[in-house]
Each structure stands twice: as structure tokens, then as C-alpha cells.
Amino acid sequence: VYQLDRLSRDVKDFTDIYGLLSEHGVQFASVKENIDTSTPIGESMMYILVVFAQMERKTIAMRVYDNMYGLAGSGWWVGGNPPFGYRRVKVTEAGKNHTSIEVVPDQAERVRWFFTKFLELGGSLQTFETYCKHNGIRTPRGSFFSASQLHQLLRMPYCVPADHDIYDYYESLGCQLKPSRDHWDGSTGVIIYGRTTQKNKKHLLTTPDKWLVVPGKHEAFIDSETWLAVQAQFTHNVYIKKPRIAPPLLKGVLRCSCGRLMNVAHKKRVDGSYASWYKCPKRERMGPEACSMGHIKCDLLDSKVLQVFNSVALDPNCINEYADDINDSVDIAASLSILNKEIQSIENKIERLTESLALSESGAASRHIVRSIDKLDSELIEKNNELTQLKISNRVAQENKKATAETAAVVRDLINNFDNFDAFERNEIAVKCIKRCTWDGDTLFLTL
């Protein structure tokens, strides 16, 4: 690398990378620092430089956050893409350039319709999603609205005026509010900073106590009464309860051939029991043109998996047919033995040639011996690298073998005590044992 902080500015991340390189016999070099990592002092200096790089990264991040926090506190737009209904505009104030947002009339009218229609349909995202699909209402990119996209649109705070009712709403959530309530006169929209944080390239919602809520510099276009009514629907619809219908064995682990996790549909029979089917949610939402997979009875696929579990319970070695491809430990052990003998043979040859070199009085003979030693030394390095790789493969094979044996024991316990477990426990055990399970309409692909 050119310099250490071009590779990583995180101590843990760099330690993992350097450890992986060392494990595979790869030399690491930094051009600018020119550190000799083969010595303890050089290696220590390398880690010290990474610590300073991490400190610099965190200092820069803190300065950027403070600057963004200050701009947001003044009501300026500091985010990326503007919310639907607005566009970004450049504003000059006191000789400084800032970014704000302004209303796009046709988009704002559409957002108003979404809020009104959502309340007319009873405040259900699923019902609203179905309504949009059946009436051909699509996103600006031409796809159907999903429930999550509708939820994000209806939770948008920027379009509501910064008045006393909105102040009280966010105060009840525990947010940071500026300035005092008296200054929230409803003349502008709301700006929120800190609602989301980025982790692993994904934007995650933070807790309300981290939100900074202030009056913005832009215009609002949804009245606070309508906006608060929509937010109240989301609060009313949040509840947690145990499912009244027992789950099938593969719920939460069975995937469609299109990659989506399959849902479960139920229908009540005349005798009061329920018939259950696995179905693809992508097909349900986007139609057969998006996924051709039809419904399949849960009992049919569950019985196929139970047959596999029964065979594993009778003979634990059967699990190898359904396990990930792993290296044969016996073959690896044989290869290790052969490789160690080859390395020992090369070392013996180098030793004999070194003794001959010490006794040689001819310059030509000495040069020939040195060339032979250099050639053998290069071969020895290659063999040692190959030995390292083989040891890693052997360790992985042993770990996989141990994990597979543990899975077989869990499966055997499930089958032997099947009647003692309820449907929820059976499903939980199956999810733990099954790594992958895919149905393509004809074949069930199973990996334990």
C-alpha cells in the first residue's frame, strides 16, 4: 500500500487484515512509512501509526458532525436527496452559501393525496399498498409502491408546519427541540437531523432522543391535524402477540426460487382446523409476471424435510449428503504427511549442499552449489506456503465436521422427542438446523 491509512483507519479492521495476511504467508509493505514489519519494533510502530490514523478519522468525523448539527440547528437542509415533494435550492445568506428545499407543486399535491387516501382507507398500510397496485399507482421510477415505501412517505416530517402541536408531539417522543415553543409559529416546515445513521451501507432509524427538531427555512404543505392523524394510525397499529395459528415446520427458513422468504397462508376448515400453504410474497404483491411460483401445501414440504431428519436420526452419517461441501479430513491428513516429507527432504538437501559449500575450494563449484541452494530455497518457500494453506483447510474441515455432528445431534433429539415439542418449538429447532432451504416448484433443495 502507499501508506497505512489508505488501507484502514480502524485498529480492529487493520488487525484482522494483517492477521489474515500473516496467516497466509503474505508480506505486507507500506511505501511511505517504509516500516520493517519483520522486527518487533517495526510491527509495533505500524500499529501505533494505525492508532493515530483512527484518531484522525474520528476527529474529522466529529468536526463534520458538529458542522452539520450547527447548520441543521439553523434550519438549513444538510441531507442528501430531498424528500418527495421538494427540490434542493441554493441560498446565500450573510455572504455564505447554504442549501435549502422548496416545494414542487405537482409532487406536493400528490403527497397530499397519499395522506388523505391513507386515512380514507382506514389507516392500514397493507390495504393502501393493495389499493395502489390495483389502481396502477406507481413510484416515480415506475414500480409499485411497497408497504415500507408508503410508510416512509407518510412518516415524512418535513412537509408539516412547525407549530405548537408538532412541538408537543416531538417533545412527547423525547427529541431535542430548538428554539423554545414560543418560536414555533407554523410559518415554516420542520427540519430533523439525526433520524438515521449509516451502518454497513444501510440507513437505520435512531432513537428519538438523538433527533434534533427545529423550524426550517422551507414551506410546509400538509396541515398538522392531518399529519398527526396519520402518525396516530401507526401508533395504534403497533402490537405484539403470539400467533393464534401454529407455524409449519419451515416457516422463516423456506425460500422461493426467486430468493424471497416464503410466507404462510391459512384457511379454516369446516372442522375448525387450518390448511396452510407456503406462498411467495413477491408474486402476491407484483403478480405472476414477477414470480411464477405457485402455492404449495405446507404439509408436503414439511414431510419431505422430516424424511431427511428421520434418516439422519437413524444414521448420523447421512447428514453429509445434505451438508456443505467440505474437505475430506483423511485426504488432507495424507497430503499433510506427504508435504512434510517433501519439506524435510528439501531441508536435508540444503543442509548437505551447505556442508559441501564449506568444503569446496573451487570457485566454479561454489557458484554451482549456491545456485542449487537458491533454487531449493525458493522451492522450500513454496512448499511452506502450500503447507500453511493445507493446515488452514484442515482446520476449516475439522470445524465444519464438528458443526455438522452437532446439527445431527439436534436433529436426532428433535425426532426422538417429536411428540414432546409443540409446533413453535419444532419450527424453532428446524430454523436452527437448516442453513438453506429452497423450493423451485419441483425440487426442495436442503442444506443442513
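**Close-up views of a predicted model**

**View 1. Helix α4 against helix α6.** V111, F114, F115 and F118 of α4 meet L150, L153 and L154 of α6; contact means heavy atoms within 4.5 Å. By class, this contact holds 7 nonpolar, no polar and no charged residues. Nonpolar covers Ala, Val, Leu, Ile, Met, Phe, Trp, Tyr, Cys and Pro; charged covers Asp, Glu, Lys and Arg; the others, Gly among them, are polar. Helix α4 spans residues 105–120 and α6 residues 147–154; they pack at about 105°, axes 10 Å apart. That makes α4 roughly perpendicular to α6. Angles of 65 to 115 degrees count as roughly perpendicular, under 35 as roughly parallel, over 145 as roughly antiparallel, and the rest as oblique. Axes are lines fitted to C-alpha atoms, for helices over the stretch in contact; angles run from 0 to 180 degrees between N-to-C directions. Helices (H or I, at least four residues) and strands (E, at least two) are DSSP runs numbered from the N terminus.

The model is predicted: local features need pLDDT of at least 70, side-chain atom pairs count only at pLDDT 80 or more, and totals for chains, interfaces and linings use all residues. Residues are numbered from 1 along each chain as its sequence is written, and side-chain values use heavy atoms, with hydrogens and water left out.

**View 2. The open sheet β8-β12-β13.** Its 3 strands run in that order, with mixed pairing. Two strands pair if DSSP finds at least two bridges between them. The edge strands, β8 (254–256) and β13 (444–447), each pair on one side only. From one strand to the next, the twist averages 20°. β8 pairs with β12 (residues 436–439) in the parallel sense over 3 bridges. R255 stands opposite T438 of β12. Helix α10 (residues 298–314) packs on the sheet and touches β8, β12 and β13; its direction makes about 40° with that of β13.

View 3. G85 sits in the loop between α3 (40–73) and β1 (86–93). Is G85 buried or exposed? G85 is buried, at 0% relative accessible area. Buried means under 20%, exposed over 50%, partly exposed in between (1.4 Å probe, protein chains only). Leaving out residues up to four places away in sequence, G85 touches E102, V103, V104, Q107, A108 and F221. A246 lies 161 residues from G85 in sequence and 44 Å from G85 in space, C-alpha to C-alpha.
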